[in-house]
Amino acid sequence: MMHRSPKGIWGWVFILSLAGFGILVSASAAAAPTPPPSGTSEKADRVWIPLPVPSVEEVLTEAHRAPEAVEVAIAQWAERTAAPMLKALQELQAEGRIEGFRLRPDLFAIEVWGASSQTLRSLPLPPGVPLVSSSDVPSCVTAGAKAVRDQFQALSIAPTQSTLQSAGVSIQATNPSIDVYAPPWSSYTYVTGRTDPRIPVILRVYRGGRKIVEQTTTSDSNGNYSFYPPYLGSTCGGTSGYAWTLRPKDVVEVSADGRTAQTVVAPLKAWANPQTDQVAGQTEPGRSVEAVLQLLNPDLCSITPITRTGGTDGAGNFTISFPEDFDGQAKGWVYARDGNGNSTFVDVSAFHLEARLGGDYFYGILPPETPFTAALWRGGTVISSTTRTTSGSGSFFVSWYPDRMQPGDVISVTGPGVTLQMTVTSLQLSFDRVANQISGVTAPNHRIRGWFYKATSYPVANTCAYEFVCQGTTSDANGHFSMSTPLDLERGDEVNIRIIDRDGNIQYLWRYVPILIIEHPQRSGYSTGLSGYWGDPSATVVTITLKAPDNSVKGQSTVSPSGWGGEFWASFYSATPGDRVEVTDGRTTEQTTIYTLTARLDGGTGQLRGQASAARVVAYLRDYRRDSLYWGSEWASYSNFCAEGNIAGGSFTLSFPNAQAGGMDQADFWVFDSDGHAATFGLIWDSTPWPGIYLYRPLSAFTVWASWEGRVWGVVESRPIAGSIPVTITVQRGASVLTTTIASASPMFDRNLGISLQVGDRLQIQTGDGDAADLTVPSLTVGRDSTNQRITGSGPANDWVQAFVVRWTSSPQDIRGRTVRTGTDGAYAADFAGGFWDDCSPIRMDHTCVRGRVDYINAQGHTVSRSEPPPPPVSADDYEPDDEWGQARFYTGIQAHTFHTITDTDWISFTVPASDVGVPYLIRIFDTGWGVYGDIELYRNPNESPVNSWWFYGNRDLWWTPEASGTYYLKIRAGYSGAHCDARYRLLILPARGRIFLPLIMRNY
């Protein structure tokens, strides 16, 4: 279990301590990517945390947040998803367990350096998120990022029937009609069309005459249907990550009500040039082409779709001119129709640039497969430049700049026949909650578009009702603008600002209506936290003051609002109820009072209860479901339920209708004072004894896990945690009580009963604060079918079990799961064929470190688990003992070693002849087992300092050039990664004479 240090609930990138004031303040680590410290690449590999790919429904919802900017939507999704992990990473960095980290929206991942995957397994990882160790960006990360971008691009401006009808597009050809979205080189494709309302629709896809896809859906009340490919949760093995991807020449067949239509997927690429007002591209010769552009209206929130048609030449090229003038804001679709009117279509975006204000990267749209040069100018001087070629889809993403872009900088992109240029501007912003208005100052005579959103997710939820609205205006000659919204603006509500120049280039930023969120300590003796979100991006610093009820100052400091949304964090050692927090940037001041707060999520009643001196409360329940896992994950899936209400008499009680509240459920909640500032409990970040389960929510319901080996673990969580709560555990077998023991929960308890459980045993758990669980051990077996790559066994008949394949080191390191339903005889089989581990190696049931596990979760959310015995550790290798330099074994060829103890040390000697002085030597560590890491030191004289040293995690090639002949010694230490089933590596030492690698023939001179 990882307990929090007394530093507080978040941890920090840097810490400023003001003696005598009792206040700590920090800047957000998520503000922007920070280059790794110098020398890091030689010291440690990176660990990459790919963020989970959202579902179709989530993308469609998120696309509303930035429908005109795919990268904005991706960046916002990345920030929201990564927020708990970024805060936990800050604590790891403050504790010295990692060197650094940064959010990489371009890769839809978090990059961590100076850490092992094992260290990061205690992070609050979202379901299905792997940890990938690699010094370079792994292919699975880049492929995953591409899959995300393709999906957002495909769905963010997905054509609607109403849009196409108003554009005069041929939307009903055959019945059923077929439109295939299939951009070149895209990993995300889908099929949509129309037929009769509310009838079954079947999709079949044939490739080379072989059926590769069959799916069924039902058309909606208007006759529309869509088929989207499921995301498989891994880009390992060179796949797109999706269950299917359509390619040119595939035959798409759709059947509905006895009628069948077919179309052949055509090759199609297209682009829109605002400098010539033309849409051009290439497709299959003989197809008719229909181009639809959505042109932004003067209100900046509505569009007018315009359709123009054209044909192709003998090579399939087409050029369609638009008499309407359009700029870089134009977006739309191009349809290549077959003889029946069915189509292959792609989206198009006019050439333009986009950049986040204060950011250090930009991206844009150019023709596909086009060379270009992108430069950042400052004061007439190029401070950064890159030359690249656009992808097949036409979008590009420029790497991080060494410096943040500043107002007045000029971004320029030049390619064949196209030149794009944008001047970086600034933004000052203020909020008027009474008038429901924002106002600001930016570049003069620029179009300003604002999307306003009610707060229903990160960083705070102030309502259960999701609402959003768009408003538009234009800055005056001095750059001033104001914008009113019909939404009732409350603290925590979000506005996405788009500043659009005359060419349609965009600079964007999102901010929250200023809010202070007091984060009460989970336990006594811990500090009180503050999450602040400042609305004005021009505020470079804010002053934070902690005042006692008598108005005396208890602490004060300044910090820079940073992060993607103006976030800053602080921690107060000496805060007590009644104290007041004031934050000011010199123009605007916000304040809130710290008051007593209690809360409890009662799984028995399904209610959230507590006390607070506040006005309102809003809560989101994560209702975990036992009948499904996230695909390939060890995490149970869940449904979200929201409840809100007023606080009366200092107490609140919220219920969640239709939820199945109970064990494993967790909740986020916020209480709001009369001025709209919020309070909650800081996130607990505790690892648990149970693989795959971490606590990082303010509240969890009472939950019990029991293993077949007699280990009982659970969580008892009322907030705040005052001391420990006694937990009485009784095991009854038949009419006899086998054992009764008392554990202590604070908030977790963990007890080995000293007996193995049997079918029919009854576990009764009673807590000192009124929670209880009654758990009967079901019939449960688990085994591996290596031939068919399955986990098999038995469980309760006609019920759900969760089967896992577990990859061990010294503990379960990597887990993949499937939810399966048992048969009438209780038998189950979970297929893992074709699956991959986090490092993209294939799952193999016959590996020495692989074991099976099965869980049964009862209706109350409590779990019984059975696992195969853990694999034994490796034995000593043939070179032992070689733990001291005097025992060093002489190198005569490739050596196979093990780390048979936690800190095993291997010494190897070799001789460099005089002819090899100045010749590069390769020292290769390869065929390393899972989770193997350590240190390598090279000595000329073991009694002196090493001549070189390295750090390795997994396979590594090290180069060294000897300056003198003689005997050298290698010292290879396990680094606490030994004594497990796969603690092994192989060693190669090889001189590189000229350009040819020759075998190293050693003699002991």
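Guide: Let's start with burial: buried means under 20% relative accessible area, exposed means over 50%, and partly exposed is in between (1.4 Å probe, protein chains only). At 41% relative accessibility, Glu214 counts as partly exposed. Before we go on, this is a predicted model, where local features need pLDDT of at least 70, side-chain atom pairs count only at pLDDT 80 or more, and totals for chains, interfaces and linings use all residues. Residues are numbered from 1 along each chain as its sequence is written, and side-chain values use heavy atoms, with hydrogens and water left out.

Visitor: Okay, which residue forms a salt bridge with Glu214?

Guide: The general idea is that side chains of opposite charge can pair when their charged atoms come close. Here a salt bridge is a side-chain nitrogen of Lys or Arg within 4 Å of a carboxyl oxygen of Asp or Glu. Glu214 pairs with Lys211, and their closest N and O atoms are 2.5 Å apart. Lys211 is partly exposed, with a relative accessible area of 42%.

Visitor: How many salt bridges does that rule give?

Guide: The count comes to 47. One of them joins the side chains of Arg337 and Asp179, at 3.7 Å from N to O. That pair links distant parts of the chain, with Arg337 in strand S19 (residues 331-337) and Asp179 in strand S7 (residues 179-181), 158 residues apart.

Visitor: Are Arg337 and Asp179 buried or exposed?

Guide: Both are buried. For another pair, look at Asp855 and Arg853, whose closest N and O atoms are 2.8 Å apart in a salt bridge. Asp855 is buried at a relative accessible area of 4%, and Arg853 counts as buried at 5%.

Visitor: Which residues are linked in a network of salt bridges?

Guide: Arg46, Arg102, Arg104, Asp106 and Glu111 are.

Visitor: On to helices. What should helix H3 span, going by its residues?

Guide: The expected span of a helix is 1.5 Å times one less than its number of residues. H3 (residues 70-94) has 25 residues, so it should span 36 Å; its end C-alpha atoms are 34 Å apart, which agrees. H3 does have a kink of about 55° at Ala82, shortly before the proline Pro84. That bend is the angle between axes fitted to the seven residues ending there and the seven starting there.

Visitor: How many residues of H3 are buried?

Guide: H3 is mostly covered, with 23 of its 25 residues buried. After the helix comes Gly96, with a positive phi near 80°.

Visitor: How do I read the way H3 and helix H5 cross?

Guide: Axes are lines fitted to C-alpha atoms, for helices over the stretch in contact, and angles run from 0 to 180 degrees between N-to-C directions. The axes of H3 and H5 (residues 139-156) come within 10 Å and cross at roughly 125°. That makes H3 oblique to H5: under 35 degrees counts as roughly parallel, over 145 as roughly antiparallel, 65 to 115 as roughly perpendicular, and the rest as oblique. H5 itself has 18 residues and reaches 25 Å from its first C-alpha to its last, close to the 26 Å expected. Of those 18 residues, 13 are buried.

Visitor: And the backbone angles? Which peptide bonds are cis?

Guide: In general, most residues other than glycine have a negative phi, and most peptide bonds are trans. Cis cases here include the bond from Arg719 to Pro720, with omega near -5°, and the one joining Ser746 and Pro747, with omega about 0°. Pro720 sits in the loop between strand S56 (718-719) and strand S57 (725-733). Pro747 is in the loop between strand S58 (736-745) and strand S59 (748-752).

Visitor: Where does Trp185 lie?

Guide: Trp185 is in the loop between S7 and strand S8 (190-194). Its phi is positive, about 65°, although Trp185 is not a glycine. At 48% relative accessibility, Trp185 counts as partly exposed. Gln789 also has a positive phi, near 55°, and is found in the loop between strand S62 (781-785) and strand S63 (790-794). Gln789 counts as buried, at 15% relative accessibility.

Notes
Helices (H or I, at least four residues) and strands (E, at least two) are DSSP runs, numbered from the N terminus.
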